[in-house]
Amino acid sequence: MDDRKDLNMNPAPGEQTPWQPDRSVASNPWPHPPMATAIGRGLLGRCPACGKTHIFNSFLKVTAECRNCGAPLGLAQADDAPPYFTILITGHIVVPLMFMVDRWSEPPLWIMSAIFLPLTFFLALALLQPIKGGTVGLMLTLNMLKSDPNET
Ligand SMILES: [Zn+2]
């Protein structure tokens with residue numbers, strides 16, 4: 001018996017087509033909305049795939065799986081992205097406001113601190129959860145999911 005034929009390597013010309021890998025991508029069982037829809041649902045704290053359930057167990061803890069559509073939300077590890085975007089947005093709101101107030105009336109430092117320290121704190125606190133939801137929505141759309149759920 002011809003071993004080359006069994007392994008399907010180097011077939012004789014015209015004998016048969018060489019083996020091809022299966023390049024078809026299996027579709028995930030959960031819904032696949034457009035990216036903007038998924039991010040929008042995430043920003044509202046809903047499942048990015050179906051929009052029917054809440055995405056968070058606690059303030060920033062994402063549920064392992066959507067109870068409605070089964071999307072593996074826990075496999076989308078946002079890591080440092082939500083704090084990065086939160087700092088970026090908060091800084092771009094607070095710093096120009098500080099300059100504007102300072103230019104406008106030059107208030108003493110304690111008044112500036114009394115206004116802008118709490119504003120920075122609560123703005124970052126308010127933005128962090130929606131931004132994390134939006135990031136999970138983006139990651140789910142891009143299929144940026146961990147393959148091993150136990151991997152840290
Ligand atoms: Zn869902």
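Start at N143, which sits in the segment after α4 (helices are DSSP runs of H or I with at least four residues, numbered from the N terminus). Before you click on, note that this is a predicted model, where local features need pLDDT of at least 70, side-chain atom pairs count only at pLDDT 80 or more, and totals for chains, interfaces and linings use all residues. Residue numbers run from 1 along each chain as its sequence is written.

Check the backbone of N143: phi is positive, about 60 degrees, though this residue is not a glycine. Most residues other than glycine have a negative phi. N143 counts as exposed because it has 11 C-beta neighbours inside 10 Å (exposed means 12 or fewer other C-beta atoms within 10 Å, with C-beta atoms placed from the backbone).

Next, select D79, in the loop between α2 and α3 (81-105). D79 is not a glycine either, yet has a positive phi of about 50 degrees. With 10 C-beta neighbours inside 10 Å, D79 counts as exposed.

Now show α2 (residues 35-43) and α4 (residues 109-141): their axes come within 6 Å and cross at roughly 150 degrees (axes are lines fitted to C-alpha atoms over the stretch in contact, with angles from 0 to 180 degrees between N-to-C directions). So α2 is roughly antiparallel to α4, the term for angles over 145 degrees.

Which residues make the contact? On α2, pick M35, A38, I39, R41, G42 and L43; on α4, the list includes P130, G133, G134 and V136. Contact here means C-beta atoms, placed from the backbone, within 7 Å.

Notes. Helix = DSSP H or I, 4+ residues; strand = E, 2+ residues; numbered from the N terminus. Parallel < 35°, antiparallel > 145°, perpendicular 65-115°, else oblique. Contact = placed C-beta atoms within 7 Å. Buried ≥ 20, exposed ≤ 12 C-beta atoms within 10 Å, placed from the backbone.
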